[in-house]
Amino acid sequence: MTLTLNLGFDRGNARTNVATIPDGTSAFLEIDVSSMIAEGNMKRYQMIQAGSGGTDHLATNELTVEHDDSVYFLADFADQGRNPTTGFGDKNRYHGKHTKIALMGYSAMMATRIASSTREAVVNLVMGVPFRAYQEQQEKIVSELVGRYDYSFKGRPFVLHIDSVRVFMEGAGAAIYQGFEKDATIGVVDSGSLTTNLLRFDGARAHTEECTSFEIGIGTARDRLNTRFEEKYGRELNQNEWDQILYASLGKVPYPELYADGESVDIDDLRVWIASSIAQTGSDKNTLISKLWSSQSGKTASSFKKVLHVGGGSYYFHKSLQQIIKSAERPQEPERANSRGFAVLANQIAQRNKVLKRA
Amino acid sequence: MRDYTKYYYIEVALRRDHPAIQNMAAEAERRDVPLSVLVKQACIDVYGEDSERPSRSPKKKEIEVVSSVLEQSISSANDFLDNI
């Protein structure tokens with residue numbers, strides 16, 4: 001049985017969000033995972049599969065893709081592989097192997113969640129990229145991603161046909177999901193781990209002269225924190241430690257107990273340093289936002305009816321954004337707004353294409 | 001409470017060079033308790049008593065059905081397509 005999926009795909013540098021609206025429903029089916037992908041160790045992978053190592057079998061939510069004689073461990077399971085990467089900073093990340101593996105894995109995951117016996121899917125993809133990548137790489141992304149993929153997902157063979165790819169600016173999905181204002185201007189600030197995207201829409205039309213993206217994000221704050229940590233404690237933070245410190249800064253989890261050369265790290269250092277790293281990075285972002293959207297009066301985005309603050313970085317930078325745009329709003333689950341909007345867009349594009357084919 | 005000690009055993013088996021695991025192993029030896037006891041306590045400390053399996057976002061499920069599609073989103077999508 002072949003399933004058709006109209007997918008909204010937001011491939012962030014830290015997290016990947018995928019959404020679809022299964023046929024016959026009016027609800028989103030969503031994936032929200034770490035963007036990490038690692039090379040799997042084939043021998044160890046097979047040992048675990050066969051159970052001969054005396055360890056547990058792979059859990060049902062440990063995600064693997066086997067493609068072109070290589071094994072990849074996805075999302076949190078990437079911790080168990082070699083060279084885990086999110087493709088952070090790779091200019092070709094939107095059409096390279098990392099994105100293809102993610103699409104193979106998460107398309108199969110969606111399809112089998114909808115119909116467990118499915119082994120083949122057709123995908124119509126709508127994805128967002130930073131504004132600069134949208135201007136420079138749209139055609140390359142489409143030509144690289146469209147095609148047929150034969151692979152195994154969690155040990156079972158799967159065939160994926162990516163029939164169509166439409167590329168839009170990150171932030172556009174969020175604007176669609178939250179809704180445009182027919183006769184008014186809205187702004188979107190999409191705060192990510194590597195990039196910040198700024199979009200202006202007059203009604204539903206993008207005002208491209210006031211759209212841009214720049215490379216300041218949560219990753220910038222991480223680098224600042226890492227520098228201070230290394231200066232005092234003589235080593236870098238790893239990805240796990242950084243994630244825990246970041247979540248702790250929101251009060252979601254306790255600060256982690258860390259060690260350097262056997263000595264325990266002062267938690268107050270972590271608390272103070274993360275706060276100042278985020279504040280400094282927020283200030284850098286504000287400088288560039290003001291530069292694009294300020295009026296002669298010196299106020300920022302004052303003629304906009306609203307400014308939406310979306311993306312995972314909005315949890316950390318919203319207070320600082322409100323210092324220059326008092327009316328900035330952060331919707332519920334801001335990290336999912338883009339993929340949801342792109343899923344809705346994918347559905348509408350598919351419906352329009354059906355009408356055209358009938359005509 | 002879900003038993004995720006087994007999961008961490010896999011992590012320990014595969015990543016004995018991980019500093020957190022080495023530190024924990026040394027602490028376990030010093031206190032003369034099994035490593036699994038410290039691993040389990042660390043899980044509870046970080047992820048809470050009722051957490052799902054350990055992950056970077058302990059409260060998020062990887063795949064789930066969520067809220068209904070908003071009518072305004074559909075209308076906005078059509079407006080967007082009409083303007084490109």
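Where is the place of A:Thr99 in chain A? Hold that thought for a moment, everyone, while I cover the ground rules.

This is a predicted model, where local features need pLDDT of at least 70 and side-chain atom pairs count only at pLDDT 80 or more, while totals for chains, interfaces and linings use all residues. Residues are numbered from 1 along each chain as its sequence is written, chains are lettered from A and ligands numbered from 1 in the order in which they are written, and side-chain values use heavy atoms, with hydrogens and water left out.

Back to our residue. A:Thr99 sits in helix α2 of chain A; helices here are DSSP runs of H or I with at least four residues, strands are runs of E with at least two, and both are numbered from the N terminus. A:Thr99 counts as buried because its relative accessibility is 0%. Buried means under 20% relative accessible area, exposed means over 50%, and partly exposed is in between, using a 1.4 Å probe and protein chains only. A polar atom of the A:Thr99 side chain lies 2.5 Å from the backbone oxygen of A:Arg93. Beyond its neighbours within four places in sequence, A:Thr99 is in contact (heavy atoms within 4.5 Å) with A:Phe9, A:Arg11, A:Arg93, A:Tyr94 and A:Leu145.

A:Leu145 takes us to the largest nonpolar core, where it is one of the residues that touch the most other members. By nonpolar core I mean buried Ala, Val, Leu, Ile, Met, Phe, Trp, Tyr and Cys residues joined through side-chain atoms within 4.5 Å. This core has 40 residues. Elements of chain A giving two or more residues to it include β1 (2–11), β8 (120–129) and α3 (131–145). Which element gives the largest share of this core? That is α2(A), with 9 residues. Another core lies apart from it, with 31 residues, among them A:Leu308, A:Ala337, A:Val344 and B:Phe80.

A:Leu160 is another of the residues touching the most members of the largest core. Not counting residues up to four places away in sequence, A:Leu160 touches several residues, including A:Leu103, A:Met104, A:Val123 and A:Tyr151.

Now for a pair of helices. How far apart are the axes of α5 (residues 218–233) and α6 (residues 239–249) of chain A? They are 12 Å apart, and the helices pack at an angle of about 105 degrees. α5(A) and α6(A) are therefore roughly perpendicular to each other. On the α5(A) side, the contact is made by A:Ile218, A:Ala221, A:Arg222 and A:Leu225, and on the α6(A) side by A:Gln239, A:Trp242, A:Ile245 and A:Leu246.

A:Ile216 is buried, with a relative accessible area of 13%. Its contacts, leaving aside neighbours within four places in sequence, include A:Leu194, A:Asp284 and A:Leu288.

Two loop residues deserve a look on your screens. A:Lys154, in the loop between β9 and β10 of chain A, has a positive phi of about 50 degrees although it is not a glycine. A:Lys154 is partly exposed, at 37% relative accessible area. A:Glu333 also has a positive phi of about 50 degrees without being a glycine, and A:Glu333 is partly exposed at 31%.

Finally, chain B. It has 4 helices and 1 strand, running α-α-α-β-α from the N terminus on. Of its 84 residues, 42% count as buried.

Note on methods:
Axes are lines fitted to C-alpha atoms, for helices over the stretch in contact, and angles run from 0 to 180 degrees between N-to-C directions. Angles under 35 degrees count as roughly parallel, over 145 as roughly antiparallel, 65 to 115 as roughly perpendicular and the rest as oblique. A polar contact is a pair of N or O atoms within 3.5 Å; within protein, one must be able to donate a hydrogen and the other to accept it, and residues adjacent in sequence count only if both atoms are side-chain atoms.
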